[in-house]
Amino acid sequence: MIGVSKDLAKARSPFFVVMAGAVAVTVFVGFAPTFYLRGTFNPDKALSILLHVHGFALSAWIVLFLVQTILIVRGAPTLHRRLGWVMAGLAASIVVLMGAAIVEQMRRVPPIPPPPFALAFGLFDIIVFATLVGGAIYWRKRPDWHKRLMLSATILLVEAAVVRIVAFHGVHQPLYLILSQFSSALLFFIPCFAYDWATRRRIHPANIAGLTLIMMDQIIQPIVLSWPAWTTIANALQRLVT
């Protein structure tokens, strides 16, 4: 009974609610000038229907993730599971929309960012996000793995918000933008590791896997940009979609 009580206390810990809330605040601040409060910051800049749908889908993911963590703390696992399948469908649509966003970036005249950048910074994010969510669905009957992989997938989405926060303050050098991505992932995983250590006395392998995949994503992006073949492929795709 003591072991069960400890497991129940861990399951209802507010830690994941706090992390989901921190993610939601960061995403709102990062995308406020270009999406949520665009009428105030950029009233003359129109967004395509695709980008509106893309923004709403990602926003829905952030909100539903927060709701899911609250449902567990409040002891509503049945509703959590039912809503989980909604999130699985939403994740599939996000993957499609992320791919469509890459195509739209390539179709701009002139393309901003250049095709090699758009492909690199979009494609590997799609792969990692799909992998983490897929792993979370596969291990849905193991809550310790499930919730950490879902949080890792959501942390991946924070990177774009942090980059926009940095850019909004006048920093546009690629090196600093890449460093901001690394920093955002580390800043969100540090409390995850601290929570693991406080509750388990070891770092959970799901958190290690999540951070490793995100770091690999960020490391691979600038590497492929230096490959002539990558530039050739990206430019060929750009000509194809236009």
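The residues lining the largest pocket divide into 30 nonpolar, 11 polar and six charged, where Ala, Val, Leu, Ile, Met, Phe, Trp, Tyr, Cys and Pro count as nonpolar, Asp, Glu, Lys and Arg as charged, and the others, Gly among them, as polar. The model is predicted, so that local features need pLDDT of at least 70 and side-chain atom pairs count only at pLDDT 80 or more, whereas totals for chains, interfaces and linings use all residues. Residues are numbered from 1 along each chain as its sequence is written, and side-chain values use heavy atoms, with hydrogens and water left out.

**The largest pocket**

This pocket has a volume of about 1800 Å³. A pocket is an open set of points on a 1 Å grid over the protein atoms alone, where a 1.4 Å probe fits and protein lies on both sides within 12 Å along at least five of seven lines; lining residues have an atom within 4 Å of a point. Of the 47 lining residues, Phe31, Gln105, Pro113, Ala160 and Arg164 lie nearest the centre of the largest pocket. Helices α2, α4, α5, α6, α7, α8 and α9 each supply at least two residues of the lining, and α7 gives the most, with eight. Helices are DSSP runs (H or I, at least four residues) numbered from the N terminus.

**Helix packing**

Two packed helices are described by the angle between their axes and the distance between the axes. Axes are lines fitted to C-alpha atoms over the stretch in contact, with angles from 0 to 180 degrees between N-to-C directions.

| Helix pair | Axes come within | Crossing angle |
|---|---|---|
| α5 and α6 | 9 Å | roughly 170° |
| α6 and α10 | 8 Å | roughly 95° |
| α7 and α9 | 8 Å | roughly 25° |

Helices α5 and α6 are therefore roughly antiparallel (over 145 degrees). Their contact (heavy atoms within 4.5 Å) includes Trp85 and Met98 of α5 and Phe129 and Ile137 of α6. By class, the contact of α5 with α6 has 17 nonpolar, three polar and one charged residues.

Helices α6 and α10 are therefore roughly perpendicular (65 to 115 degrees). Among the residues in this contact are Pro115 and Phe124 of α6, with Trp230 and Gln238 of α10. The contact of α6 with α10 has nine nonpolar, three polar and no charged residues.

Helices α7 and α9 are therefore roughly parallel (under 35 degrees). The contacting residues include Trp145, Arg148 and Glu159 in α7 and Asn207, Ile214 and Asp217 in α9. By class, the contact of α7 with α9 divides into seven nonpolar, four polar and three charged residues.

How values were computed. Grid points are joined across faces, edges and corners, and a volume is the space filled by probe spheres set on the points.
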